[in-house]
Amino acid sequence: MSENKHAVRILALESSCDETAAAVVENGRDILSNVIFSQVDVHALYGGVVPEIASRAHVDACDRVIDRALSDAGLTLSDMDALAVTYGPGLVGALLTGVSCMKGLSFATGLPLVPVNHIEGHVSANFLSNPSLTPPFICLVASGGHSHLIRVEDYGTYTLLGQTVDDAAGEAFDKGARVLGLPYPGGPQLSHLAETGDDTYLKLPRPNPEGRYDFSFSGLKTAFINACHRLEQSGLPLPGPDLAASYQKAIVDSLCEKSILALRDSGLSTLCLAGGVSANLRLRAQMTRLADENKFTLCMPQIGLCTDNAAMIGSAAYYRYQKGVRASLSLNAAPSLSLL
Ligand code: KG4
Ligand code: ZN
């Protein structure tokens, strides 16, 4: 890839789900500002994301997070080389607010607009936290909507190795949390509860779907729900921390096992983690131990960059910008956009 003579600064916006976020990123690697307005408190009242409320909240917040991202960076729009926006996958209304906002800004300023895939953003969070990371590498993407194992051949060039055949890992965390009566968002809550639990308390299956690198979490979830119901019927109080720890261990074991298998088969020596679930401390610790034992390089985004943010979109946008990718004003939200 040709090196730019001057720094390329990109103002990025992310609004695919329940965070309205804006960031200024330089050369795809340096975060000059990173602002996240979370709607968690509003959606917590309903036990999950309400799409219509999310869209409205994005409309309210877009301008403010953009102003804040520019002022935190000490820059103005005239210092930007490009704009970037997540256009999929995600909630259609939520995506549309961000896409419309950035198309308007692009039209008004004349700045080019780079369309970014949200999943590519999650992968790229690794470039922000690991300055010397370059492709090729294997990446586990585990979020609320996706569980993928991909080979990152070059910037923007991906091969899908495996994926979940049913629920995503984050979804499994969230559903398990709901059974334990934990508030939304469930993943971090369940992980917190698990800290003091005994992870050998409950024997849970480790489903092994046909595809060598595929995941499956739905059978595990059902086994967990049934075990909780049986305990409830016995009239005894639920041992929340032990249940949470056993369930978390089962999910993390699956993610680790398939990731290591894919890495070994690939002949590569670097494994990256990405997506909201990569904020999970148990996953990070177990993968770190495995990297030590198996002598591979493990890269993870810093915890705050694992869940949705706009800095990761700014990083992914930089590599697309360098390749000449530009959106026209007909850019639309693509709720089911795939990475490959
Ligand atoms: O990547 P993300 O922020 O949004 C999507 O693109 O889906 O991922 C959100 C998912 C949720 O399912 C959330 O429960 C899960 O990531 N998550 C966690 C943790 N932090 C977020 N799951 C387990 N442990 C965590 N610490
Ligand atoms: Zn995400």
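I looked up H118 first. The model is predicted, and in it H118 has 7% relative accessibility. Buried means under 20%, so H118 counts as buried. I then checked H122. H122 is buried too, with a relative accessible area of 1%.

Next I asked where these two histidines sit in the chain. H118 and H122 both belong to helix α4 (residues 118–129). They are four residues apart there, so about one helical turn separates them.

Which protein donors does the zinc ion (ligand 2) have? I found H118 (NE2), H122 (NE2) and D308 (OD). These donors lie 2.0 to 2.1 Å from the zinc ion. I noted their spacing along the chain as H-x3-H-x185-D.

I turned to a pair of strands. Strand β2 (residues 19–26) and strand β3 (residues 30–38) pair in the antiparallel sense. I noted eight bridges between them. E26 has D30 in β3 as its bridge partner. The hairpin of β2 and β3 has three residues between the strands. In this hairpin, N27 takes a positive phi near 50°.

My last entry is on L238. Is L238 buried or partly exposed? At 28% relative accessibility, L238 counts as partly exposed. I placed L238 in the loop between α7 (218–233) and α8 (240–266). Setting aside neighbours within four places in sequence, I listed its contacts: L238 touches C228, L231, E232 and L243. I also compared L238 with D154. They are 84 residues apart in sequence and 48 Å apart in space, C-alpha to C-alpha.

Key. Residues are numbered from 1 along each chain as its sequence is written. Chains are lettered from A and ligands numbered from 1 in the order in which they are written. This is a predicted model: local features need pLDDT of at least 70, side-chain atom pairs count only at pLDDT 80 or more; totals for chains, interfaces and linings use all residues. Side-chain values use heavy atoms; hydrogens and water are left out. Donors are N, O and S atoms within 2.8 Å of the metal (3.2 Å for Na, K and Ca); water is not among the atoms, so sites may look incomplete. Buried means under 20% relative accessible area, exposed over 50%, partly exposed in between (1.4 Å probe, protein chains only). Two strands pair if DSSP finds at least two bridges between them. Contact means heavy atoms within 4.5 Å.
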